[in-house]
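Me: Can you walk me through this structure? I'll ask as we go.
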Amino acid sequence: MSLAARAWYSLLSLESLSHGDTPVHALHPCAKTLVVLAFLVAMTGLPLEDLPDLLFFALYPACMAVWSRVGLLSIVRRSLVALPFALFVGLFNPWFDEVSGEIAGCGLGVSRGWLTFFGIVARALLAAQAVLLLVASTGFHSLCRSWRRLGVPQILADQLTMMYRALFLLVKEAVQLERCHEARGFGRPLGAAVWASLMSLLMRRTFRRAGNVRAAMLCRGWSGSFPGCPAGVWTRCDALFLALWVAVFLLVFLLRPGAAWLVLFINW
């Protein structure tokens, strides 16, 4: 399967997962958004060289993937998209930060640069998994509607919704162009001139398709902003879900139990 086709089916499958019937899907989008924000703040607040405590933060994506029946391996595979960016950010840490250090709890000597490098990569992957699980268990359009209740400006929420729709249009047009080339190219590789022609054609087709979508929206009375559909009713389960996860993240952030648990695991 080609790269464009994989991107198209990945978007479709991620959006289809949001229509599941699990307790996680039934939670209020604002509650799940606030939990993800607390997760990101607490995880990034730890020192970069603190690797054992990241194991506790890894429990959140694992639990959410199991409870929402999304599939942990699928989410981990999708989160690898963030790996090149994390590698680029922390690539030179092992060479510029050669201060000796050790992994807390096991006494393994290693330079602080390598600890911060692995810390950056682990944080990037865990953050990507948390965001992907949020989208997979809620749906991007529902998230944008619920963010208005959290104080996000309406114009920003509408722009994110339109960008998400435009991404679907762009990838779908790319898949169609690729199929046309495979049907008429007889397996010949794409040269630089052909690539340039295809990219310009792709942009023209995408803009034309987006113009048709906009014309259809105007015919149906679109006034420049999406109507504020209700995002659900806040219940006690939502409050309990938010309170429990925030308490867990806060305890891990304050107590830092990773080193002690790692010592117990090694001695066991």
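**Cavity and helix contacts**

Reply: Helices α3 (29–45), α5 (59–68) and α9 each supply at least two residues of the lining of the largest cavity. Helices here are DSSP runs (H or I, at least four residues) numbered from the N terminus. The model is predicted: local features need pLDDT of at least 70 and side-chain atom pairs count only at pLDDT 80 or more, while totals for chains, interfaces and linings use all residues. Residues are numbered from 1 along each chain as its sequence is written, and side-chain values use heavy atoms, with hydrogens and water left out.

Me: Which helix gives the most to that lining?

Reply: α9, with four residues. The lining is made up of K32, V36, Y60, M64, A130, L133, L134 and S137.

Me: How many cavities of 30 Å³ or more are there?

Reply: A search of the whole structure finds one. The largest cavity has a volume of about 30 Å³. A cavity is a set of points on a 1 Å grid over the protein atoms alone where a 1.4 Å probe fits but cannot get out, and lining residues have an atom within 4 Å of a point. Volume is the space filled by probe spheres set on the points, which are joined across faces, edges and corners.

Me: How does the lining divide by class?

Reply: Six nonpolar, one polar and one charged. Nonpolar covers Ala, Val, Leu, Ile, Met, Phe, Trp, Tyr, Cys and Pro; charged covers Asp, Glu, Lys and Arg; the others, Gly among them, are polar.

Me: Switching to packing. At what angle do α5 and α9 cross?

Reply: Roughly 25°, and their axes come within 9 Å. Axes are lines fitted to C-alpha atoms, for helices over the stretch in contact, with angles from 0 to 180 degrees between N-to-C directions. α5 and α9 are therefore roughly parallel to each other. Roughly parallel is under 35 degrees, roughly antiparallel over 145, roughly perpendicular 65 to 115, and the rest oblique.

Me: Which residues make the contact?

Reply: From α5, Y60, P61, M64, A65 and S68; from α9, L126, Q129, A130, L133 and S137. Contact means heavy atoms within 4.5 Å. By class, the contact of α5 with α9 has seven nonpolar, three polar and no charged residues.

Me: And α7 with α9, at what angle do they cross?

Reply: The axes of α7 (residues 83–90) and α9 (residues 112–138) cross at roughly 155° and come within 9 Å. That makes α7 roughly antiparallel to α9. In this contact, L83, A86, L87, V89 and G90 of α7 meet F117, I120, V121, A124 and L125 of α9. The residues of the contact of α7 with α9 are nine nonpolar, one polar and no charged.

Me: What about α6 against α9, at what angle do they pack?

Reply: About 120°, with the axes of α6 (residues 72–79) and α9 9 Å apart. α6 and α9 are therefore oblique to each other. I75, V76, R78 and S79 in α6 meet L125, A128, Q129, L132 and L133 in α9.

Methods. On a 1 Å grid over the protein atoms alone, a cavity is a set of points where a 1.4 Å probe fits but cannot get out, and a pocket is an open set with protein on both sides within 12 Å along at least five of seven lines; lining residues have an atom within 4 Å of a point.
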